[in-house]
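Please have the sequence and the model in view as I talk.

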Amino acid sequence: MLLTDDIRDYAGRSVLCWLASVSEDGPSVSPKEIFACYGEDRIIIANIASPQSVKNIRHDPRVCVSFVDVFSQKGWQLYGQATLLKNGDDGFAERQVVLQGMAGEAFKVGMVIDVAIDQAREIIAPSYRFRADVNEADMRAGAMASYGVRPVDYALCPLAFEDVA
């Protein structure tokens with residue numbers, strides 16, 4: 001499964017991704033702050049403080065990574081197999097430098113969760129499906145009002161609030 005430009009765009013506009021994994025006790029969902037698209041078919045995630053996610057992946061490598069642009073209320077669910085990479089493992093150094101660059105001095109990235117994507121499903125708020133009059137501009141304006149984002153905030157920070165053409 002290739003990461004399309006659309007998937008990459010939504011990932012870039014998302015503040016968090018959510019990693020769903022499963023243990024012997026059932027499913028677990030955990031927010032992840034440092035993540036990136038990598039290569040043609042991978043999402044890499046910094047393991048900052050996620051002992052349960054690591055334990056779950058060791059038990060069962062099947063995961064789902066989700067992210068949503070809260071303003072457009074659209075995003076993606078990406079399904080695949082996770083591999084845990086640490087210093088000395090093939091591919092760790094290349095992935096770690098990307099994530100460490102994003103983390104800066106805030107966190108030390110000592111382990112990378114590397115997810116090989118094999119399936120993708122679009123996330124779309126129900127309003128898009130059930131209201132004939134809804135469009136992305138209206139959804140974006142409504143979400144901005146809900147979150148208290150003023151139009152001037154939007155204008156000052158175009159990367160964080162980039163419109164989809």
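The side chains of Arg140 and Asp69 are joined by a polar contact of 3.5 Å, a polar contact being a pair of N or O atoms within 3.5 Å, where within protein one must be able to donate a hydrogen and the other to accept it, and where residues adjacent in sequence count only if both atoms are side-chain atoms. Arg140 sits in helix α5, residues 136-147, and counts as buried at 6% relative accessibility; buried means under 20% relative accessible area, exposed over 50%, and partly exposed in between, with a 1.4 Å probe and protein chains only.

A word on provenance: this is a predicted model, in which local features need pLDDT of at least 70 and side-chain atom pairs count only at pLDDT 80 or more, while totals for chains, interfaces and linings use all residues. Residues are numbered from 1 along each chain as its sequence is written, and side-chain values use heavy atoms, with hydrogens and water left out.

Now the overall architecture. The protein has six helices and seven strands, which are DSSP runs numbered from the N terminus (helices H or I, at least four residues; strands E, at least two). Seven strands form an open antiparallel sheet in the order β2-β1-β5-β6-β7-β4-β3, where two strands pair if DSSP finds at least two bridges between them. The edges are β2 (26-32) and β3 (35-38), each of which pairs on one side only. Strand β1, residues 17-23, pairs with β2 in the antiparallel sense over seven bridges, and within that pairing Ala20 stands opposite Val29 in β2.

Helix α1, residues 5-13, packs on this sheet, touching β3, β5, β6 and β7, and its direction makes about 80 degrees with that of β6. Contact here means heavy atoms within 4.5 Å, and axes are lines fitted to C-alpha atoms, for helices over the stretch in contact, with angles running from 0 to 180 degrees between N-to-C directions. Helix α3, residues 92-103, lies across β3, β4, β6 and β7, running at about 135 degrees to β3.

What of the cysteines: how many disulfides are found in the whole structure? The search finds zero, a disulfide being a pair of cysteine sulfur atoms within 2.5 Å. For Cys17, the nearest cysteine sulfur is that of Cys37, 9.9 Å away, which is too far for a bond. Cys17 is buried, with a relative accessible area of 0%, whereas Cys37 is partly exposed at 21%.
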